[in-house]
Amino acid sequence: MQEGQEQQVRRMTIGELKARMNDTRPYLLADARDVDAYGDAHIPGAVPIPADEVDRLADKYDRDLDVITYCSSYECPASTMAAKEFIKKGFRHVWDYKGGIKEWTEDGNPVESNR
């Protein structure tokens with residue numbers, strides 16, 4: 001990719017996320033919030049990968065995995081920042097679930113906690 005040809009981050013809806021979670025193929029659901037927020041509540045199966053740590057943490061994952069990022073809500077920029085970082089690191093299948101934990105819980109879906 002040449003300078004100025006930034007790949008557009010693809011968006012994922014809550015329905016698409018649920019369908020993907022029910023698929024048997026492996027994927028990475030990256031919680032782009034800080035580790036404390038992740039510990040309080042996160043979408044089941046999510047891994048804490050704060051947006052500012054993608055560069056450091058992404059290397060342990062297969063670049064062919066589907067990667068879905070999320071953060072707090074539509075107003076939170078962290079998931080989009082994280083998605084762009086995954087793309088820069090060479091991941092080819094990256095989506096941004098913009099609704100985040102707020103939409104997820106408001107829709108009545110379960111969360112996990114490390115508390």
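A residue is called buried here when its relative accessible area is under 20%, exposed when that area is over 50%, and partly exposed in between, with a 1.4 Å probe and protein chains only. The structure is a predicted model, in which local features need pLDDT of at least 70 and side-chain atom pairs count only at pLDDT 80 or more, while totals for chains, interfaces and linings use all residues. Residues are numbered from 1 along each chain as its sequence is written, and side-chain values use heavy atoms, with hydrogens and water left out.

The protein contains 5 helices and 5 strands, where helices (H or I, at least four residues) and strands (E, at least two) are DSSP runs numbered from the N terminus. Along the sequence these elements follow the pattern β-α-β-α-β-α-β-α-β-α. The radius of gyration is 13 Å, close to the 13 Å that the globule rule gives for 115 residues, so the protein is as compact as a globular protein of that length; this radius is taken over C-alpha atoms, and the rule is 2.2 Å times the number of residues to the power 0.38. The C-alpha trace spans about 40 × 30 × 25 Å along its principal axes.

Of the 115 residues, 46% are buried. Taking a contact to mean heavy atoms within 4.5 Å, residues 24 or more positions apart account for 69% of the contacts with a separation of 6 or more.

Helix α4, residues 78-88, gives a view of the buried part of the protein, for Ala78, Ser79, Thr80, Ala82, Ala83, Phe86 and Ile87 are buried in this helix. The cover over these buried residues includes the strands β2 (27-31), β4 (66-70) and β5 (93-97), together with helix α3 (54-57). Just after α4, Gly90 takes a positive phi of about 100°.

Towards the end of the sequence, Asn109 lies in the segment after α5 (100-106). Is this residue buried or exposed? Asn109 has a relative accessible area of 15% and is therefore buried. Its side chain is joined to that of Asp107 by a polar contact of 3.0 Å, and to that of Lys18 by another of 3.4 Å; a polar contact is a pair of N or O atoms within 3.5 Å, where within protein one must be able to donate a hydrogen and the other to accept it, and residues adjacent in sequence count only if both atoms are side-chain atoms. Leaving aside residues up to four places away in sequence, Asn109 touches Ile14, Lys18 and Trp104.
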